[in-house]
Amino acid sequence: MRPGGAVLGSVRRAAAPDPDPGGALSFGGFVARAARAGRLVVQPRMGFSDPGRMRTGLAATRSAAAVTVGTLTIDSYTRVGDHAGARAALAEGARLNGYPITAHSAEQTLAVLDGIADPAFPVQVRHGSSRPGAIVRALAAAGLYATEGGPVSYCLPYGRTPLADSVENWARACELLTELVPAPALPHLESFGGCMLGQLCPPGLLVALSLLEARFFTHHGIRSVSLSIAQQTDPAQDADAVRALRRLAAEFLPPDTDRHVVLYTYMGVYPRTEHGATLLLEDSARLAVRAGAQRLIVKTSAEAHRIPTVRENLRALETASAAADQAAEALRRNAPGPDPAGHSDSAVYREARAFVEAVLDLGDDPGRALRTAFARGVLDVPYCLHPDNAGRSRSFLDSAGRLCWAETGGMPIPPDKARDRARTPLTSDGLLAALYGVAARYDNPSPGGRILSPAPSPS
Amino acid sequence: MTILLTGTASDSHTWNLVYLRLFLEERGHRVTCLGPCVPDQLLVAACAESAPELVVISSVNGHGYRDGLSAVRSLRSAGLRMPVVVGGKLGVAGRTDPARRALLLEAGCDAVFDDGDVAALRAYTADLAATASPPLPVAPWAVA
């Protein structure tokens, strides 16, 4: 931990919402209290295979001059269910890309969390598994109660598990979470649906998937959810996506469901320069505040190169939080609060609603409806290699940088009108240009571009 | 050339595979892509069945050295002799590890490419194709 950690910790705790000592251990409750206090919750993607390093990372996250929650990101072996592979890698001394929660004992994980995870600093387990049962058992055994994923978003773009199996696995995982997490803790699930292959997927589909997965979670007994959306290529379209998610959640989730919206700082190819990476991160924090997201998953300036260090994560959290506080202050001066989600009849909202209604028409069981929707191409993720995806949709970036549909296959929406200009074969160079567009814009800012607040210097 | 393109057993990334498929097809090769999270047994079975003229293993999750080693050892111990190359972000530290690179080569990899070094991959495939079958006509993967 950095030398000023204890002092910053007390500042952070003084500024943070008071934990509710008599209430439930609740991830959603923590985020809601922060939101009431006008603070954006910021969170790293941090995961280290070494327990000592993981503990240091969590302690640093807790001590940041920001309202933070902690993260245990799980390694790739554990994600794909290769628990023996994770144990073998640990035995070899190999450094993994995350914390192998099933390879470490519950006692080991409890020791990592001891004195750090508590009602004032909830820790979420992030993974990526279409077979999450073992991970859910391990996190519950370590006293944790918040995780994320989803039957579609942790299956379709990123693995080989058949969608039918993933739906079944996630239904069981929801039920397992409610069984294994003892009261007063409240199990929390975040949908990754707003982020899957998010780099070149128009946001209407991402918003719809996040909403549909949240409905799936509530159908299987989860009472506290968060809905995700990734920062993409166009700030106005991004803000519409956050607002659409808020509005659809109010319209389509059971009214007693605790819920909030989480924004992910850009997940695609990240700027390689320090100034570009910082500006993109700050823009995501401002976007979250402006559009009414309550939590932000940050990225670091090292993101383009490797797994970031604890210090790089800490700097990203504090940079994002400072930008969010400035944005919130500016908003308070100029307007009563974040724009109400009820007045967001944008193109993104209309498109997302068309997807949601088309899927809900397929049946009352959300898992079955999602399977049918993909089988019929009603939902069709562009560039997704999974065999259960129809693969008939294609997206493009228009001249203004917005994500649009070139082809929509069997989906309930028309292609965008500008698509004729995009009717050229996709080349590897064209794909790279699209994938690197945001990084290039932030690495080589136009003369008017500037970083509004400097990054804190490392100590 | 016929090329089999694959991710590694623990790696769920796909943009690298989408890109490489386009890149290789534009150079006249016929590409079969196995997708992400390919277990060694599946890779061995696919190579034994289709006998590609080149196997391209791409990884970006930081486990590439370890998973790539396991993949190439499985191919070689199954008696498969076609050229095998590995590339991408192979470790979590963001720099090339010469020792682990050497292990990959000793285990039977024909080349190890650094992250983003498509020029080296292009040169390698051009050399290999010159000694193999004549190139097929270009068949771009249409966006629309």
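Residues are numbered from 1 along each chain as its sequence is written, and chains are lettered from A, ligands numbered from 1, in the order in which they are written. Because the model is predicted, local features need pLDDT of at least 70 and side-chain atom pairs count only at pLDDT 80 or more, while totals for chains, interfaces and linings use all residues; side-chain values use heavy atoms, with hydrogens and water left out.

**Stop 1: the interface**

Select the residues in contact (heavy atoms within 4.5 Å) between the chains. Chain B contributes 32 residues and chain A contributes 39 residues. Together the two chains bury about 3,100 Å², and 63% of that is on carbon and sulfur atoms. Buried area here is the accessible area (1.4 Å probe) that two parts lose on being put together, summed over both.

Now show B:Arg66 and A:Glu92. Their side chains form a salt bridge at 2.8 Å, N to O.

Polar contacts come next. There are 10 residue pairs in polar contact between chain B and chain A, both residues at pLDDT 80 or more. The term means a pair of N or O atoms within 3.5 Å; within protein, one must be able to donate a hydrogen and the other to accept it, and residues adjacent in sequence count only if both atoms are side-chain atoms.

Colour chain B by helix. H1 (15-26) and H3 (64-77) of chain B each supply at least two residues to the side that touches chain A. H1(B) gives the most, with seven residues. Helices (H or I, at least four residues) and strands (E, at least two) are DSSP runs, numbered from the N terminus.

**Stop 2: two loops of chain B**

Go to B:Cys37, in the loop between strand E2 (30-33) and helix H2 (40-50) of chain B. Its phi is positive, about 50 degrees, although it is not a glycine. B:Cys37 is buried, with a relative accessible area of 9%. Buried means under 20% relative accessible area, exposed over 50%, partly exposed in between (1.4 Å probe, protein chains only).

Move on to B:Ala51, in the loop between H2 and strand E3 (54-59) of chain B. Phi is near 45 degrees, again positive in a residue other than glycine.

**Stop 3: a cis peptide in chain A**

Select A:Ala183 and A:Pro184. A cis peptide bond joins them, with omega about 10 degrees. A:Pro184 sits in the loop between helix H8 (163-180) and strand E5 (188-191) of chain A.

**Stop 4: helix H9 of chain A**

Select residues 203-219 of chain A, helix H9. Of its 17 residues, 15 are buried. Just after H9(A), look at A:Gly221, where phi is positive at about 100 degrees.

**Stop 5: A:Gln237**

This residue is in helix H10 (residues 235-252) of chain A. A:Gln237 is buried at 10% relative accessible area. Leaving out residues up to four places away in sequence, A:Gln237 touches A:Pro203, A:Val348, A:Arg402 and A:Leu403. A polar atom of the A:Gln237 side chain lies 2.9 Å from the backbone oxygen of A:Leu403.

**Stop 6: A:Val289**

Finish in helix H11 (residues 274-291) of chain A, which holds A:Val289. A:Val289 counts as buried, at 12% relative accessibility.

Terms used:
Salt bridge = Lys/Arg side-chain N within 4 Å of Asp/Glu carboxyl O. Expected span 1.5 Å × (residues − 1).
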